[in-house]
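Trainee: I've got a protein model open and I'd like to learn how to read it. Can we go through it together?

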Amino acid sequence: MSRETIAEQSKVKDAKLFIDGEYVESLSGQTFDTLNPATNLKLASVAKGNEADAKRAIESAQRTFESGIWSRMPIEQRSAVLCKMSDLIMDRVDELGFLETLDVGKPVKESRGFDIPRAAQNFRFFAEMAKYMVHEHYDKHNIMSYAKYAPAGVTSLIIPWNLPFMQLTWKASAALASGNTVVIKPASYTPLSAVMLGEIANKAGLPPGVLNIITGPGSTVGTAMTNHKHVRRISFVGESNTGKTVMKNASENLIPVSLELGGKSANIVFEDADLDEAVKGSIDAIYRNQGEICLAGSRLLVQESIYDQFLDKFTEAVRNIQVGEPTNENTDMGALVSKSHLETVDQYVQIGLSEGAKLAYGGKRVAGLKNGNFYEPTVLYDVDNKMRVAQEEIFGPVPVVIPFKTEEDAIRIANDSIYGLAGVVWTNDLRRGQRVSSEVNAGLLWINCWYIRDLRTPFGGAKASGIGREGGRHSFEFYTEAKTVTMKL
């Protein structure tokens with residue numbers, strides 16, 4: 001690390017819980033350390049919340065919700081507060097982006113250039129959209145019926161470690177715009193940017209108790225946030241098995257859940273695709289954020305007639321990926337989030353090789369960067385879709401390249417997975433693109449692009465990739481309770 005980077009890292013503040021508009025210690029007084037993935041050195045001490053801390057945050061959120069100070073505030077005023085939060089995020093884009101990079105290990109050009117600006121956009125989008133939601137109204141035989149959409153109440157938001165600030169704002173902005181109060185649990189690996197949202201909320205004029213942040217283990221904090229009687233909505237992003245646990249906990253009090261879970265998405269390249277465009281897009285689809293992204297095109301299906309040509313071009317592009325210090329503006333790929341995750345990714349590569357996959361590039365830690373969790377961008381090819389590396393989510397910079405013969409073959413392979421989050425189709429035949437996107441069982445499909453999002457559209461997965469949809473009106477439908485009022489005229 002440069003001297004400048006070390007100096008900036010030394011300014012990182014310890015993190016406390018944020019309850020009822022104030023930063024407080026955990027009731028136990030315990031803390032845990034968050035580490036810089038690029039060095040495995042301590043970044044900050046973080047308050048270690050427990051079940052009792054989660055309960056006091058939920059109770060604060062419930063009192064605030066019942067007071068009506070936020071839930072009954074005119075939408076124009078709520079919108080103005082959330083737009084102010086958006087502005088304040090952009091005022092601190094450099095600071096937040098740098099902090100996100102230190103905590104997650106991702107390249108700073110992604111944090112500053114995409115993640116934090118998108119976080120600000122989330123707040124502004126839902127704040128503005130809330131003002132223009134159209135409500136239903138029907139007349140029939142001198143009877144008028146209309147639907148009201150009321151805030152649901154206390155909302156638990158459980159956020160993953162891979163895109164912490166962007167994911168947090170995606171959930172919180174919609175829940176707050178709907179008039180709810182929220183309790184947030186960021187991932188223990190990456191809590192720092194989430195905790196900063198408390199400062200931003202206070203400065204924007206969000207009433208105390210509307211937004212609460214509890215750091216700590218999922219086994220205590222997460223459990224309390226998913227089975228408490230006052231919680232009326234749960235939105236969770238994370239691993240599929242953990243999602244099952246969240247759903248079981250929520251069933252105790254019949255709490256509606258939105259689950260965004262794992263993925264093993266098929267990235268399908270047909271022989272008529274623009275190869276240069278497909279290579280560039282496929283590189284982005286698996287190596288962005290070190291492959292630590294649920295939407296990654298981790299199964300790379302390539303038609304046999306262009307298989308060798310595509311693989312050569314793809315591998316050559318991988319060789320040019322700059323892996324290095326995440327705070328360096330020239331870095332394309334940073335560090336994996338933890339030592340244990342690095343070991344998991346490497347174990348999967350070894351499993352793939354033992355299953356018969358071939359290694360085109362990578363497959364080991366980066367030489368010269370062994371203090372951090374740096375892994376080479378890796379390419380496994382001649383993979384059979386039945387192999388574990390093709391069926392299980394690696395969540396790292398490791399695509400598995402699978403040949404296919406026909407369009408029907410590609411669809412069959414794509415659907416041969418427990419997951420159904422996303423998919424990509426590369427073809428110059430738009431009829432084929434439409435056919436394949438209709439047949440692949442996934443919640444999001446891209447044709448000749450990847451990771452482009454219109455926030456008005458539904459986001460979510462099928463099968464083991466989740467339950468429910470958020471985005472645009474779908475978010476407002478989830479975070480509200482619909483009530484029908486019928487009146488005789």
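Predicted model: local features only at pLDDT ≥ 70, side-chain atom pairs only at ≥ 80, totals over all residues.

Trainee: Is E260 buried or exposed?

Mentor: The cut-off to remember is that buried means under 20% relative accessible area. E260 has 7% relative accessibility, so E260 counts as buried.

Trainee: And which residues does E260 touch?

Mentor: Leave out residues up to four places away in sequence, and E260 touches Q167, W170, K171, F236, V237, G238, F459, S465 and E470.

Trainee: Okay, helices next. How do I describe two that pack together?

Mentor: The general idea is that two packed helices are described by the angle between their axes and the distance between the axes. Take helix α5 (residues 108–130) and helix α6 (residues 164–177): they pack at an angle of about 10°, and their axes are 8 Å apart.

Trainee: What does that angle make α5 and α6 relative to each other, roughly parallel or roughly antiparallel?

Mentor: Angles under 35 degrees count as roughly parallel, and α5 and α6 are therefore roughly parallel to each other. On the α5 side, the residues that meet α6 include F114, I116, F123 and F126. On the α6 side, F165, M166, W170 and L176 are among them. Sorted by class, this contact of α5 with α6 has 13 nonpolar, three polar and two charged residues.

Trainee: How does helix α3 pack with α5?

Mentor: Helix α3, residues 75–91, packs with α5 at an angle of about 170°, with axes 8 Å apart. Angles over 145 degrees count as roughly antiparallel, so α3 and α5 are roughly antiparallel to each other. The α3 residues in this contact include I75, L82, M85 and I89, and they meet α5 residues including I116, A120, F123 and A127. Here the classes divide into 13 nonpolar, three polar and three charged.

Trainee: Which residues of helix α8 are buried?

Mentor: In helix α8 (residues 218–227), the buried ones are V221, G222, A224, M225 and T226. They pack against α2 (51–67), β7 (154–158), β8 (181–185), β10 (231–237) and α9 (240–251).

Trainee: Now zoom out. Which domains does the assignment give for the chain?

Mentor: Domain 1 covers 3–261 + 465–488, and domain 2 covers 266–447. Their C-alpha centres lie 31 Å apart, and the contact takes 26 residues from domain 1 and 32 residues from domain 2. Separately, the unreviewed UniProt entry carries the annotation "domain: Aldehyde dehydrogenase", which covers residues 24–485. That span is 41% helix and 20% strand, with its end C-alpha atoms 43 Å apart.

Trainee: One more residue, please. Where is the place of R432?

Mentor: R432 is in helix α15, residues 430–439. With a relative accessible area of 14%, R432 is buried. Leaving aside neighbours within four places in sequence, R432 is in contact with F270, D272, Q303, E407 and T427.

Trainee: And how far apart are R432 and S67 in space?

Mentor: They are 55 Å apart, C-alpha to C-alpha, and 365 residues apart in sequence.

Trainee: What about T315: buried or exposed?

Mentor: T315 lies in helix α11, residues 307–319. Its relative accessible area is 9%, so T315 is buried. Again setting aside residues up to four places away in sequence, T315 touches A360 and Y361.

Methods. Residues numbered from 1 in each chain as written. Heavy atoms only, no water. Axes fitted to C-alpha atoms, helices over the stretch in contact; angles between N-to-C directions. Helix = DSSP H or I, 4+ residues; strand = E, 2+ residues; numbered from the N terminus. Parallel < 35°, antiparallel > 145°, perpendicular 65-115°, else oblique. Contact = heavy atoms within 4.5 Å. Nonpolar A, V, L, I, M, F, W, Y, C, P; charged D, E, K, R; others polar. Buried < 20%, exposed > 50% of the residue type's maximum accessible area, 1.4 Å probe, protein only. Domains from an automatic or database assignment. UniProt positions renumbered as here; feature names shortened; annotations may be inferred.
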